[in-house]
Each structure stands twice: as C-alpha cells, then as structure tokens.
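Visitor: Please walk me through this one, feature by feature, with the cut-offs spelled out.

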Amino acid sequence: MELSRLVCAFLLAACCCCRRAAGVPGEAEQPEPELVEVEVGGTALLKCGPSHSQGNFGHVDWFSVHKEKPTLIFRVHQGLGQSQPGEYQHRLSLQDKGTTLALAHITPHDERIFLCQGKRPQSQEHRIQLRVYKAPEEPSIQVNAVGISVNSQEPEEVATCVGRNGYPVPQVIWYKNGRPLKEEKNRVHIQSSQIVESSGLYTLQSVLKAQLVKEDKDAQFYCELNYRLPSGNHMKESKEVTVPVFYPAEKVWLEVEPVGMLKEGDRVEIRCLADGNPPPHFSISKQNLSTREMEEETTDDNGILVLEPAQKEHSGVYECHGLDLETTTSLQSDQQELLVNYVSDVRVRPAAPESQEGSSLTLTCEAESNQAIEFQWLREKTGKLLQKGPVLQLYNLKREEGGGYRCVASVPSVPGLNRTQLVNVAVFGSPWMTVKERKVWVKENTVLNLSCEASGHPRPTISWNVDGMASEQDQDPQSVLSILNVLVTPELLETGAECVASNSLGKNTTIIFLELDSNRTTGLSTSTVSPHAKANSTSTEKKLPEPESKGVVIVAVTVCILVLAVLGAVLYFFYKKGKLPCGRSGKQEITLPPSPKSEFVVEVKSDKLPEEMGLLQGSNGDKRAPGDQGEKYIDLRH
C-alpha cells in the first residue's frame with residue numbers, strides 16, 4: 001500500500017515536469033490572473049506582465065482563452081505587432097513601446113482570459129482576466145391594475161420590475177414602504193428571470209407576489225437594481241406604485257357638506273361612506289315624523305342625497321345602509337340629525353299703512369325662526385338704518401316721509417340667514433307738484449316732450465290743458481310722472497301749457513311758459529323738457545336761462561332813494577345858511593311848478609311771489625298785506 005502511494009506521487013511529478021517542458025500555453029500551473037475591468041464600449045489595456053517587470057517584450061505572442069482553449073490573436077516580432085485573422089483582427093493595437101496591447105470597443109463577449117507569452121531570453125507567460133460591465137437602464141415597474149383581494153388564499157402578483165441592457169445581471173431588491181422584502185413562505189414570493197440579448201447584455205425581469213391585508217391599501221411598492229462598475233457599486237430605483245386592495249367594509253357612516261350651521265337656500269349634500277373597497281351599495285333613509293319609521297330617500301347615481309335649495313322641512317334624522325354585493329353583508333350607520341335653520345316670511349302690520357300728515361304711525365314686524373331673531377328697520381330710498389327692534393314708530397308724519405320702509409329679520413348665529421319685507425307708507429294729502437311753474441326756451445315747430453310730476457295719497461291723476469299724446473309712469477305708489485308729446489305752435493307759445501294733478505283731496509298745477517329762442521334755427525325737431533328737481537330728489541334736466549334777478553332791481557332802487565335823501569339834506573343845509581334865495585329879502589326866490597300833489601312818490605314794483613318779498617318790508621319790519629301784489633310806496637316829503 002505504501003509502495004503504491006510512492007509510485008503515484010512519482011508519476012504525477014513526472015507528468016507535471018513534462019507539461020512544463022512542452023511549453024504549452026495555459027497548461028502550466030500559474031498564479032491568479034491579473035484583473036482588468038472596463039465598461040462596454042471602452043478600451044482595455046492589457047500589459048504583458050507587472051509594471052515593474054524587466055522582461056524582453058521584443059518577441060511576444062498574445063492568446064485569448066475561451067473555454068480553456070487558447071487562440072493566437074496577436075504576435076509581436078522585433079517590436080512590431082501583427083494582428084492575426086479572427087474576431088480581434090481590427091480592434092488590437094500596441095502601446096507603451098510594445099509592452100501594452102490595447103483592445104478597443106469592448107463588448108460583453110470580450111469577458112475572458114488573455115495570455116501573453118514571451119520567447120526570449122526564456123519562455124514566460126502572463127495571464128489577464130478581463131471583466132466587462134454595463135449599467136442597466138432605469139428600471140420600469142408595472143403594477144397589477146386589477147387589484148388583489150385580502151381573501152386570496154395564496155400570494156397574488158403585486159407588480160413586475162424590468163431592468164434592460166445591463167451586464168452582468170443586476171441584483172433586484174423589492175421594497176414596501178421603504179423596507180426591503182424577503183422571501184416568506186405563503187406570504188412573499190419573488191420570481192426573477194433574465195434574457196440574453198444578441199448584444200450579450202442582459203434584461204432582467206422580476207415579479208413580486210404577496211398576500212396583502214387591508215392595511216396595505218396605501219402601501220408603496222418599488223424595486224431597486226444593484227450593479228457594479230469599475231468605479232464601484234451602484235443602484236437605480238423605480239417609481240413607487242400602489243396596488244388596489246379589495247376588502248369588505250366593516251363600518252358605514254354619514255357625511256354632510258357643507259360642515260357647520262346650515263340655512264335655508266344652501267346646497268346640502270348627504271353622502272354615505274364606508275371603510276371597504278370597493279364601497280358597498282348605499283341607500284339613505286329619513287325618519288317620518290308621523291310614523292317614526294325610516295323611509296328611503298331618492299339619491300343620484302353616486303348615492304348622494306342632494307338638497308337644493310335646503311328647506312326647513314329637510315330637517316330630521318337620517319341614516320345610511322350599505323350592502324356588500326360580494327359578501328351580501330348589510331351594514332347600518334348611526335343615526336344623524338340634520339338641522340336646517342330658517343326664518344319664516346316676514347310680516348308687517350299694518351300691511352298697507354296710511355296716515356294723515358302730522359299724525360303718528362306704528363309699524364310692527366313679525367317673523368319666526370328656530371334661532372333668536374334680530375329686527376332692523378331701513379329706509380328703502382336711502383338704505384339708512386332707522387330703528388333696531390320689531391317696532392318702528394313714526395311721529396309727526398310729513399309728506400316727505402311717505403314711501404318705502406324695509407324690515408330685515410336676521411339670525412346673528414347663522415351668517416347670511418335673513419328675510420326682508422318692504423312696506424309703503426302712504427301719507428294722505430292733496431297732490432304735491434314737483435315744481436309750480438317754469439319757463440322753457442323753445443323754437444317754433446319743435447316737437448317737445450313736456451313732463452310733469454306729482455305725488456300724493458290717494459295717487460293723483462294728471463291732465464293737460466293742451467292737445468297732445470300723454471303717457472304716465474309710476475315713480476312709486478304715491479308718485480306719477482306724465483309726459484306730453486306736443487308740437488310748438490304760435491298758439492302754444494302764446495298760451496303755454498298747464499298740467500293739473502288731482503285726487504279726492506284736492507288738486508294742484510304746474511304752469512310751463514314757452515319762450516321763443518330767436519338764436520335757434522327753425523325747423524321741425526324734438527326735445528325733452530323735464531320738471532325742475534325737488535329739494536330731496538335728483539333730475540337730469542338742463543336748466544334754462546332765467547330772467548335777471550329782481551333783487552338787483554331792489555338794490556338799484558334803494559341806492560337811488562339814498563342819493564335823493566342826501567341831495568335833499570344838502571339843499572336844506574344851504575337854505576338855512578342863506579346861500580340860496582328862497583323868497584327872503586335881497587334873495588331871489590326859486591319856486592317849483594305847481595303839482596297835483598304836494599308830495600314826491602317813488603314806486604317800486606316786483607313780480608316776486610308773496611313769499612319771496614321778505615326783503616321789501618317797512619322800516620318797522622311789518623310785512624305787506626297779502627293782496628299787495630308786491631307793490632311798495634315810499635313817500636319823500638320836504
């Protein structure tokens with residue numbers, strides 16, 4: 001036995017010596033080959049021996065070793081290189097004075113062992129392991145759009161990850177919510193495969209299968225590709241995806257929009273919600289106040305009950321029912337009370353208030369609500385706040401205080417909830433004209449629109465003293481505007497126009513004087529004349545030129561009187577001093593011609609109305625008699 005072992009050892013040693021002596025490349029025992037790393041498309045620099053080697057590289061043969069079979073690809077003779085026919089014929093070149101063989105346009109097929117063998121001064125060889133790398137493209141991920149039921153008995157496909165054109169095959173890692181997933185029996189299964197492209201690059205496909213639970217409905221899944229380059233380790237991540245997860249509902253409830261206090265007129269939506277996916281079939285019921293039974297309401301296609309506009313009758317108790325069509329399980333929500341706040345129609349007493357001028361009037365406002373109400377009274381014409389509270393008291397009524405008053409009933413606790421009611425106060429009185437008289441400058445053959453406005457209670461009617469086409473417009477319940485379309489004729493210029501407003505309590509007039517404007521061209525035309533503006537209203541009328549103010553005449557006459565008085569005083573002074581001969585001895589007498597009266601009278605007249613003659617009063621402040629017609633006599637005596 002011992003002899004057999006010795007014989008075997010001897011024969012093995014002899015065989016090794018023979019192989020070394022034969023000089024066959026790749027057969028002798030060699031140290032680990034030198035590692036050279038390069039990316040696809042780059043250039044590999046193959047050095048024949050370590051950088052510190054002092055060997056003679058004048059005669060070198062280069063071999064590629066594929067499946068342990070060396071093939072001569074390049075030969076160096078006396079420092080000159082020669083490519084051998086084959087796959088490397090056009091990609092090889094010498095660098096660094098023949099010490100380095102450069103292999104260009106690296107492909108994945110170039111990953112193998114290259115061997116260089118020197119011939120002189122003695123046979124020596126050097127092995128190089130070429131490693132090729134290529135980063136994969138960005139990984140793509142495709143989620144299972146159909147979804148996964150939590151009732152599945154085995155793992156279902158969650159998503160598929162694909163990484164294309166990498167070398168070597170990258171490693172894939174799956175993540176859920178940022179945490180790596182590992183194989184877990186009956187829970188998580190990762191199935192990966194790769195395809196070799198014609199270029200030698202790899203396409204990796206990895207499928208993640210898992211059993212999901214309800215809590216995974218919002219889980220984020222993604223894949224990560226890990227790969228190596230000459231520069232080190234790298235990774236690329238896909239986007240995150242969420243897979244639909246189906247699970248039965250355990251609870252349903254009601255939701256009302258908008259949130260907060262509701263009021264009449266709002267658009268209210270009542271919807272059912274559930275914690276299941278897909279949601280169950282919903283129905284909404286409301287309690288009948290008479291029978292106390294729940295009655296199903298009509299909803300839209302999405303199962304939403306829309307109340308538009310919401311009314312107080314919509315207040316009540318609602319509940320939701322959910323039916324899971326897969327498990328036929330029926331669920332019911334808690335009952336929820338809906339309150340629609342309201343204000344009833346506002347009522348004012350009296351509904352059609354009437355009162356005599358100078359008397360008092362009380363207006364009372366009434367309304368109902370499920371909340372506390374505040375009342376306010378506003379003047380309709382101006383919007384001015386008159387009173388807070390349901391009662392408005394009007395004292396010593398004047399004609400101007402007739403018209404609209406608005407009561408506002410609002411709920412402070414519910415913003416925007418209010419109702420209003422307008423009431424018109426009528427003050428009894430004969431017609432009240434906007435203007436008593438005015439003058440209008442016209443041209444002959446002009447078609448005029450003359451207007452006349454009056455107010456009163458009962459509402460007056462208006463008539464004209466001239467022929468024409470008249471129309472009436474209601475300004476408010478107690479006011480009327482009449483417009484007369486008339487042609488200006490010589491007769492009309494002479495008589496003018498008069499409108500008469502009358503009701504059961506009296507009548508009143510407005511006189512319009514027409515004056516011919518000679519500066520205007522003649523011809524048929526149309527113009528509109530509106531009444532003068534009242535003190536408390538507005539008008540679009542352009543005012544016409546008025547005659548010269550009579551006050552100027554009064555001032556002129558007064559100045560003349562003062563001048564005459566001063567002149568009389570001077571004459572009297574000279575008479576007393578004897579400077580004037582007035583019948584005394586030695587003096588010539590100057591006599592005035594006889595006059596019918598022994599007094600000098602200055603007469604001043606005014607066409608002002610009696611109420612405008614306050615300036616022409618006596619020295620004692622007494623006013624003239626009503627029948628004075630504006631005349632005043634001032635007696636200047638000697």
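Visitor: Among contacts between residues at least 6 apart in sequence, what percentage joins residues at least 24 apart?
Guide: This is a predicted model, in which local features need pLDDT of at least 70 and side-chain atom pairs count only at pLDDT 80 or more, while totals for chains, interfaces and linings use all residues. Residues are numbered from 1 along each chain as its sequence is written, and side-chain values use heavy atoms, with hydrogens and water left out. A contact means heavy atoms within 4.5 Å. Among the contacts between residues at least 6 apart, the share joining residues at least 24 apart is 62%.

Visitor: How many helices and strands does the chain have?
Guide: Both are DSSP runs numbered from the N terminus: helices are H or I over at least four residues, strands are E over at least two. On that basis the chain comes to three helices and 47 strands.

Visitor: What percentage of the 638 residues count as buried?
Guide: Buried means under 20% relative accessible area, exposed over 50%, and partly exposed in between (1.4 Å probe, protein chains only). Of the 638 residues, the buried share is 35%.

Visitor: Which residues touch the most other members of the largest nonpolar core?
Guide: Such a core is a set of buried Ala, Val, Leu, Ile, Met, Phe, Trp, Tyr and Cys residues joined through side-chain atoms within 4.5 Å. The largest one has 22 residues, and the elements giving two or more residues to it include β1 (34-39), β4 (69-77) and β9 (124-133). The members that touch the most others are W62, L103 and L130.

Visitor: Leaving aside neighbours within four places in sequence, which residues are in contact with L130?
Guide: With those neighbours set aside, you can pick out the partners in the viewer. The residues in contact with L130 are V36, V38, A44, L103, I106, D110, E111, R112 and F114.

Visitor: How many salt bridges are there?
Guide: The rule asks for a side-chain nitrogen of Lys or Arg within 4 Å of a carboxyl oxygen of Asp or Glu. By this rule the count is 23.

Visitor: How many residues apart in sequence are the parts that E250 and K214 tie together?
Guide: E250 and K214 form a salt bridge with their closest N and O atoms 3.9 Å apart. E250 lies in the loop between β19 (245-246) and β20 (252-257), and K214 in the loop between β16 (202-210) and β17 (221-229), so the number of residues separating the parts they tie together is 36.

Visitor: Is E269 buried or exposed?
Guide: E269 forms a salt bridge with R267, the closest N and O atoms being 2.3 Å apart. R267 is partly exposed at 42% relative accessibility. E269 has a relative accessible area of 16%, so E269 is buried.

Visitor: What is the nearest side chain of opposite charge to R399?
Guide: R399 sits in the loop between β35 (391-394) and β36 (403-410). For charges, Lys and Arg count as positive and Asp and Glu as negative, with His and the chain ends not counted. R399 is buried yet has no salt bridge, and 4.4 Å away is the nearest side chain of opposite charge, E357.

Visitor: Which residues make the nonpolar surface patch of about 360 Å²?
Guide: Patches take residues with over 30% relative accessible area and no salt bridge, joining like charges within 9 Å and nonpolar side chains (Val, Leu, Ile, Met, Phe, Trp, Tyr) within 5 Å. Areas come from the Shrake-Rupley method with a 1.4 Å probe, and for residues only the protein chains shown count as cover. One of the members, V566, is in helix α3 (residues 550-576) and is exposed, with a relative accessible area of 53%. The patch is made by V566, V570, F573 and F574.

Visitor: What is omega for the peptide bond joining E308 and P309?
Guide: Most peptide bonds are trans. P309 is in the loop between β25 (305-307) and β26 (316-323). The bond from E308 to P309 is cis, with omega about -5°.

Visitor: What is the phi of R292?
Guide: R292 lies in the loop between β23 (281-287) and β24 (294-296), and counts as exposed at 51% relative accessibility. R292 is not a glycine, yet its phi is positive, about 65°.
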